[in-house]
Amino acid sequence: MFGQTTTSTPPPTERGLEDLDAAALAYAARIEGLPPERRQEARDDLVRFALPFAGRLARRYRGRGEPLEDLEQVARLGLVNAVDRYDPERGSFTAYAAITIVGEIKRHFRDRTWGVHVPRRLRDLILEVGQATAALTSELSRAPTVAELAERLETPEEEILAALESAAGYSPASLNAPVGGESSAEFGDLVGESDNALESVDDRVTVSGLLHRLPWRERRILAMRFYGNQTQAEIAARFGISQMHVSRLLSRALTWLRQAMLADAPPQWQNGAAEADTARTKISVKQNGDRVVVEVGGEVDREGADQLRRAMLEAVTGQPAEVVVDLVGAGGFDAGGIAALMAGQEAAARTGVPLRLTRVQPAVRRSLAAASVPPTRD
């Protein structure tokens with residue numbers, strides 16, 4: 001309005017010293033009563049006037065791993081915030097602007113300059129460790145130990161070690177940094193190695209899907225054997241079956257998996273009825289003239305041991321001329337089955353009845369030899 005006297009912020013070239021407090025008071029008086037849309041010009045004048053002050057504060061923090069240009073931008077942001085929040089009734093603008101700008105710079109160092117994420121509590125501890133290290137180095141004329149730092153900061157040594165290790169995450173080395181000299185190699189070329197396990201990823205995924213096609217018992221046995229590192233004897237005790245039965249189940253499941261891996265479409269898993277039938281102990285006693293033939297089939301485990309013991313004792317008790325134990329159909333003997341067989345031999349020896357084993361299969365022969373069963377002729 002014509003004839004109205006307004007107070008303006010003098011340009012920096014017209015002042016010998018930067019009197020920020022006076023400039024800020026002039027800015028406050030200039031915008032008083034003005035609508036918000038007309039305050040922008042006065043705000044810009046004060047910001048331009050205080051830029052050298054913000055630049056001096058930013059230069060205090062150079063040499064700490066951040067470009068000076070970035071620090072100046074952060075300081076200017078803090079200056080703009082100080083101007084927007086300035087209230088003349090709260091005191092000196094210079095003091096308020098300095099606190100705001102420095103706080104913005106420190107916040108930048110805290111939140112924006114770390115190469116990896118580190119919790120704020122640990123970042124604060126890293127600063128304390130750095131200050132304590134400098135102080136102790138001056139006092140001791142050597143680098144302080146972890147125990148000395150922990151004692152000075154009254155902090156557990158584990159946290160001091162964590163802070164020292166995390167400090168390396170402030171500015172991690174670039175994988176594209178040159179190794180050195182005239183070599184064209186980069187640091188990333190020296191890190192890591194070929195992962196041979198990548199070639200088996202497809203097989204692992206395929207096997208994982210095929211395992212779900214197996215019955216629960218077979219899946220459980222495979223897991224206990226190859227993931228739980230349990231022996232076949234431990235698995236047998238867990239399921240209440242013989243060790244030979246466990247061996248058959250493992251062999252059958254692994255054979256099916258191999259066939260399914262090589263086939264375009266996995267073969268159908270049999271319900272196991274035939275396998276269960278061959279594994280079941282079968283004992284039959286036949287009178288052949290003056291001798292008795294005890295035919296043994298399947299696997300003789302704890303469930304079939306009592307049946308075999310009773311059959312042999314009854315055959316010996318009848319005082320035949322000879323007792324023949326036909327093992328052509330026997331698939332295997334566990335400890336209980338071998339004990340039953342030895343009990344029958346001992347009963348035959350006491351009564352004087354000849355007893356012999358015939359048509360012993362190789363697998364059964366090895367089991368009997370390992371148990372030191374007295375040899376008999378086939």
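So, Glu-41: at 54% relative accessibility this residue counts as exposed, where exposed means over 50% relative accessible area, buried under 20%, and partly exposed in between, with a 1.4 Å probe and protein chains only. Before I go on, this is a predicted model, so local features need pLDDT of at least 70 and side-chain atom pairs count only at pLDDT 80 or more, while totals for chains, interfaces and linings use all residues. Residues are numbered from 1 along each chain as its sequence is written, and side-chain values use heavy atoms, with hydrogens and water left out.

Okay, who does Glu-41 pair with? Arg-30, in a salt bridge with the closest N and O atoms 3.9 Å apart; the criterion is a side-chain nitrogen of Lys or Arg within 4 Å of a carboxyl oxygen of Asp or Glu. Arg-30 sits in helix 1 (residues 20–31) and Glu-41 in helix 2 (residues 40–59), so this pair ties together parts 11 residues apart in sequence. Helices here are DSSP runs of H or I with at least four residues, strands are runs of E with at least two, and both are numbered from the N terminus.

Searching the whole structure gives 15 salt bridges. Another one is Arg-359 with Asp-326, at 2.5 Å, N to O. That pair links distant parts of the chain, 33 residues apart: Arg-359 is in the loop between strand 4 (355–358) and helix 15 (362–370), and Asp-326 is in strand 3 (residues 322–333). Asp-326 is buried at 6%, while Arg-359 is partly exposed at 47%.

Next, the hairpin. Strand 1 (residues 282–288) and strand 2 (residues 291–300) pair antiparallel over seven bridges; pairing requires at least two DSSP bridges between two strands. Two residues lie between these strands, and Gly-289 in the turn has a positive phi of about 70 degrees. Lys-282 has Gly-297 in strand 2 as its bridge partner. There's also a salt bridge between Glu-295 and Lys-286, 3.4 Å from N to O. Both side chains' residues are partly exposed, Glu-295 at 27% and Lys-286 at 44%.

Last thing, the surface. Leu-175, Val-179, Phe-187, Leu-190 and Val-191 make a nonpolar patch of about 470 Å². Patch members have over 30% relative accessible area and no salt bridge, with like charges joined within 9 Å and nonpolar side chains (Val, Leu, Ile, Met, Phe, Trp, Tyr) within 5 Å; areas are Shrake-Rupley with a 1.4 Å probe, and for residues only the protein chains shown count as cover. Leu-190 is in the loop between helix 7 (157–166) and helix 8 (201–211), and counts as exposed at 60%.
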